[in-house]
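Student: I would like to take a close look at the charged side chains of this protein, and at the parts of the chain around them. Could you please guide me through them in one connected account?

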Amino acid sequence: MGDTPSQDAARARHVAIIMDGNGRWAKKRGLPRSVGHQRGVEAVRKLVRSLDGSGLDCLTLYAFSSENWKRSEDEVDDLMNLMRKFIKSDLQQFIDNKVRLKIIGDWQSLAPDIVEMLEDALEKTSQGSHTVAVALNYGSQQEIARAAAKAAAIGDVNEASIAANLDTNDLPPLDLLIRTSGEIRLSNFLLWQSAYAEMLFVDTLWPDFTPEMLETALDDFARRERRFGGR
Ligand code: IPE
Ligand code: IPE
Ligand code: MG
């Protein structure tokens, strides 16, 4: 990801979302957390299908953090199985909608069958015109440490060389970071990339988040004045 901010500040090119609140959505309805995650996948599906008209070049979605392994084995299994199902059911949609899939995080250490499915999906979507980057087994501190180690290996540690080795190195600068569910924290997501990103925290639980809400967020973004330290 380059260091130069978007020239046209009014139009967001890259939005990232911390998709939080599936568990609380289910709990409110007396349903198991797994149903909340299923409905969360539905929200992702609708959003990805709406991307074509949004003007966005890239949408980055936090799907599974490196800290989410702390959850029960059942919940982790549910999440991994949902991932398998989603890739199977939606890969063709991605291709048809000209979505280029990208994965950030330590995804190569997921179960071998998932790695294989993801490799296949990455290859089949490589010609897409807008990017959906999914953060899987992602932790921002780990990403920065990996990038710094690579920069150190070539004896050149500075902002540019670290940025060049982040998982996001081929994505546009992050314009807007959204978190659902009312929590106001970053939970180890895109710490480096958020240096000058605008932030939006909404109370909506992730399964209730709609493409119209993204539109509203983009309108809100367009009215903000970005300064990047200057005047
Ligand atoms: C987000 O919803 C999904 C993942 C972290 C995988 P949560 O499962 O964190 O839902 P809450 O925060 O418990 O409501
Ligand atoms: C962040 O949500 C991770 C994802 C949305 C994938 P969490 O629910 O894991 O974050 P904390 O634990 O509330 O900070
Ligand atoms: Mg949560």
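This is a predicted model: local features need pLDDT of at least 70, side-chain atom pairs count only at pLDDT 80 or more; totals for chains, interfaces and linings use all residues.

**Charged side chains and their surroundings**

Tutor: Arg29 lies in the loop between helix H1 (22-28) and helix H2 (33-49). Because its relative accessible area is 38%, Arg29 is classed as partly exposed. Arg29 belongs to a patch of positive charge on the surface, where it gathers with Lys28, Arg39 and Lys46.

Glu73, Asp74, Asp77 and Asp78 gather on the surface in a patch of negative charge. Asp74, one of these residues, has its place in helix H3 (residues 73-96). With a relative accessible area of 59%, Asp74 is above the limit of 50% and therefore counts as exposed. Along the chain, Asp74 and Ser34 are 40 residues apart, and their C-alpha atoms are separated by 9.2 Å.

We turn next from patches to pairs. Side chains of opposite charge can pair when their charged atoms come close. In this model the count of salt bridges comes to 21. One of them joins Asp170 to Lys102, with 2.9 Å between the closest N and O atoms. This pair links distant parts of the chain, for Asp170 is in the loop between helix H6 (159-164) and S5 whereas Lys102 is in strand S3 (residues 99-104), and the two are 68 residues apart. Asp170 has a relative accessibility of 40% and so counts as partly exposed. Lys102 has a relative accessibility of 12%, which is under 20%, and therefore counts as buried.

Another salt bridge is formed where the side chains of Asp175 and Arg226 meet, at 2.9 Å from N to O. Asp175 and Arg226 are both buried.

A further salt bridge holds Arg227 and Glu225, whose closest N and O atoms are 3.3 Å apart. Arg227 is partly exposed, because its relative accessible area is 42%. Glu225, at 59% relative accessibility, counts as exposed.

Salt bridges can also be followed from one residue to the next. Asp20, Arg24, Arg179, Glu183 and Arg185 are linked by salt bridges into a network.

The aromatic side chains complete the view of the surroundings. The structure holds seven aromatic pairs. In one of them, the ring centres of Phe86 and Phe94 are 6.0 Å apart and the planes stand at 80°, so this pair is edge-to-face. Phe86 and Phe94 are both buried. Tyr138 and Phe189 form another edge-to-face pair, with 5.8 Å from centre to centre and 85° between the planes. This pair links distant parts of the chain: Tyr138 is in strand S4 (residues 130-138), Phe189 is in the loop between strand S5 (176-179) and strand S6 (198-201), and they are 51 residues apart. Tyr138 is buried, as is Phe189. Ring pairs also bring in Tyr62, which forms a cluster with Tyr138 and Phe189.

Asn188 is found in the loop between S5 and S6. Although Asn188 is not a glycine, its phi is positive, at about 65°. With a relative accessible area of 12%, Asn188 falls under 20% and is therefore buried. A positive phi also occurs at Lys98, where the value is near 55° and the residue is again other than glycine. Lys98 has its place in the loop between H3 and S3. At 52% relative accessibility, Lys98 is over the limit of 50% and so counts as exposed.

To review the charged side chains, Arg29 is part of the positive patch, while Asp74 is part of the negative one.

Notes
Residues are numbered from 1 along each chain as its sequence is written. Chains are lettered from A and ligands numbered from 1 in the order in which they are written. Side-chain values use heavy atoms; hydrogens and water are left out. Patches are made of residues with over 30% relative accessible area and no salt bridge: like charges are joined within 9 Å, nonpolar side chains (Val, Leu, Ile, Met, Phe, Trp, Tyr) within 5 Å. Accessible areas come from the Shrake-Rupley method with a 1.4 Å probe; for residues, only the protein chains shown count as cover. A salt bridge is a side-chain nitrogen of Lys or Arg within 4 Å of a carboxyl oxygen of Asp or Glu. Lys and Arg count as positive and Asp and Glu as negative; His and the chain ends are not counted. The place of a charge is taken as NZ of Lys, CZ of Arg, CG of Asp or CD of Glu. Helices (H or I, at least four residues) and strands (E, at least two) are DSSP runs, numbered from the N terminus. Buried means under 20% relative accessible area, exposed over 50%, partly exposed in between (1.4 Å probe, protein chains only). Rings of Phe, Tyr and Trp (its six-membered ring) pair if their centres lie within 6.5 Å; planes under 30 degrees apart count as stacked, over 60 as edge-to-face and the rest as tilted.
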